[in-house]
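Subject: Structure handover

Hello,

Please find the structure below, followed by notes on what was found in it. The notes start with charged pairs and go on to helix packing.

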Amino acid sequence: MSPDYGVDFFRKFTLVMNALDNRAARNHVNRMCLAADIPLIESGTAGYLGQVTVIKKGLTECYECQPKPPQKTFPGCTIRNTPSEPVHCVVWAKHLFNQLFGEEDPDQDVSPDTEDPELTAEAGQSALEQKKTANVAGGIERKSTRAWAMETGYDAKKIFNKLFRDDIKYLLSMETLWKKRRPPIPLDFENLPHAESEHPSTVMRDQRLWSMKECAQVFRDCLSGLKEEFAKQGENGMLVWDKDDELAMDFVASTANIRSHIFGINQKTKFDIKSMAGNIIPAIATTNAIIAAVIVMEGLKVLNGRIEECKQVYLNRQPNPRKKLLVPCALDKPSPKCYVCSAKPEVTVVLNTEKITVKTLEDKILKSALGMVAPDVEIDDGKGTILISSEEGETEENSDKFLSDFNIGNGSILKCDDFLQNFELKVIIAHADKLEDDKEFDVVGDLSELQAKPLEEQPANQNGGPSNQEEAEDDLMVVDDVDIIKSGTKRKADPESDDMGAKRMKSSGDQGDIVIL
């Protein structure tokens, strides 16, 4: 999303093939290819499921034409090297549990990742050479996490200092990672911050934030308890993480918060961390290989000037009634209501103008939910009032003010422009005193969708676009909720195919699943 890779950069290519790992990056490349009028082959995998589609401005629907469920996927290098959200630390903590007591999986290694795609040239080579020649980090040999922990007798102090001091120092040696990020700060078991929890002691334990000293104490107690439980399983036994297991949940909550503190991420209560935790599904190598082949096949059609022959192809978990794993479908036409590729893009945002600040509008709505990178926002009030400027510092004084302070109310229109994406969007504000489920805002595709009921009674709508995920790239995809990859959208069957099983969406238990990734 750097300005170095603007529209002119994309215009250098005949074709773009996507192999990205997060919604924000997919949305961005989609918009750049639309702006540059370059064909895009979009792809995705999740476990045994996969999808490839071709996107061409004015000819097919774009990546954002169809609403998608919220994304819960995280690249492995983000989990191990550059977490930026609390959920990244929760996933890491669950991986640590499995490395120490559960089913060992190399894809869930919690040690720093020296194959991070950002580690290029001297920085990556330096880190690799350090690992190769010394094979140590902070004086501790880098071996199987479980083997090393068992050798120490699951010593809390040694494991703490290895994970939260020595591994962090090792990450700091990868200087390229921290040129544009806040570097992590190592912690020592014997020298923890003295700050106490902000919540009073009368608040329930699960509902308050733990101090670092309390986290370290919980970590030590959990290690001791889990060590005993692990020993009871026998030589080849293992523990299975369960969010309702008190020891296992406390272990994840404490380690996740310690890691969050190190990386300057907001800490969460045990209650919040429990709600984030879910099943982790790694990517399947053969799925990626099949989808890569399909990408090339569709790319050859584009390069040979036969884009009208391109298909949307789904890879299903099991053969359909016609014994096919790969199901081709006709490409859909652009959606006239798409707020990205339609002739006059517009979207309605339901919110309380008296409670939403300009900063929230910029960060959570425009950047996160609507996928903009550096938006400029003008109030369509006949005066040309600039609400948000992409130039640093120009509108900083507006950040903490409420939208109502600028006379923005029900029906107000904001003209949003993202120069990097060559993307203009009209945002219509629909005021609501209260939204369902106490949400801060709701993004809907069309104002007419709100007319059936009062705004306060509107159900949640998923037409909000991406979660705010890291733009890091990695072959590893971690899926946090299997239901996400089982939800889909009805698609049209390829008229040239004899496979009529693609005409309708099957239930998740049927053999003809079609998924939207």
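A search of the whole structure, which is a predicted model, finds 24 salt bridges. Side chains of opposite charge can pair when their charged atoms come close.

Salt bridges

Arg 205 and Asp 206 are joined through their side chains by a salt bridge with an N to O distance of 3.8 Å. That falls inside the cut-off of 4 Å. Arg 205 has a relative accessibility of 31% and so counts as partly exposed. Asp 206, with a relative accessible area of 28%, is partly exposed.

Between Arg 306 and Glu 309 the side chains form a salt bridge at 2.5 Å, N to O. The relative accessible area is 32% for Arg 306, which makes this residue partly exposed. For Glu 309 the value is 34%, again partly exposed.

Asp 363 pairs with Lys 359 in a salt bridge whose closest N and O atoms are 3.3 Å apart. Both residues sit in helix H12 (residues 358-369), and their spacing of four residues is about one turn of the helix. Asp 363 is partly exposed at 29% relative accessible area, and Lys 359 is partly exposed at 38%.

Helix H12

Which residues of H12 are buried? They are Val 358, Thr 360, Leu 361, Glu 362, Ile 365, Leu 366, Ser 368 and Ala 369. The cover over the buried residues of H12 includes strands E9 (346-351), E10 (375-379), E11 (385-388), E12 (413-418), E13 (423-431) and E14 (441-444). Just after H12, Gly 371 has a positive phi of about 75°.

Two packed helices are described by the angle between their axes and the distance between the axes. Two contacts of H9 are given in those terms.

Helix H4 (residues 86-100) and helix H9 (residues 246-262) have axes that come within 8 Å and cross at roughly 130°. H4 is therefore oblique to H9. The crossing of H4 past H9 is right-handed. On the H4 side, the residues that meet H9 are Pro 86, Cys 89, Val 90, Trp 92, Ala 93, Lys 94, Leu 96, Phe 97 and Leu 100. On the H9 side they are Ala 248, Phe 251, Val 252, Thr 255, Ala 256, Arg 259 and Ser 260. By type, the residues of this contact of H4 with H9 are 12 nonpolar, two polar and two charged.

Helix H7 (residues 156-172) packs with H9 at an angle of about 20°, the axes being 12 Å apart. H7 and H9 are therefore roughly parallel to each other, since angles under 35 degrees count as such. H7 also passes H9 in a right-handed crossing. H7 contributes Phe 160, Phe 164 and Ile 168 to the contact, and H9 contributes Thr 255, Ile 258, Arg 259 and Ile 262. The residues of the contact of H7 with H9 come to five nonpolar, one polar and one charged.

Overall figures

The protein has 12 helices and 15 strands. Of its 517 residues, 52% are buried. Among contacts between residues at least 6 apart in sequence, 69% join residues at least 24 apart.

Regards

Notes
Residues numbered from 1 in each chain as written. Predicted model: local features only at pLDDT ≥ 70, side-chain atom pairs only at ≥ 80, totals over all residues. Heavy atoms only, no water. Buried < 20%, exposed > 50% of the residue type's maximum accessible area, 1.4 Å probe, protein only. Axes fitted to C-alpha atoms, helices over the stretch in contact; angles between N-to-C directions. Parallel < 35°, antiparallel > 145°, perpendicular 65-115°, else oblique. Left-handed = near helix turned anticlockwise from the far one by under 90°. Contact = heavy atoms within 4.5 Å. Nonpolar A, V, L, I, M, F, W, Y, C, P; charged D, E, K, R; others polar.
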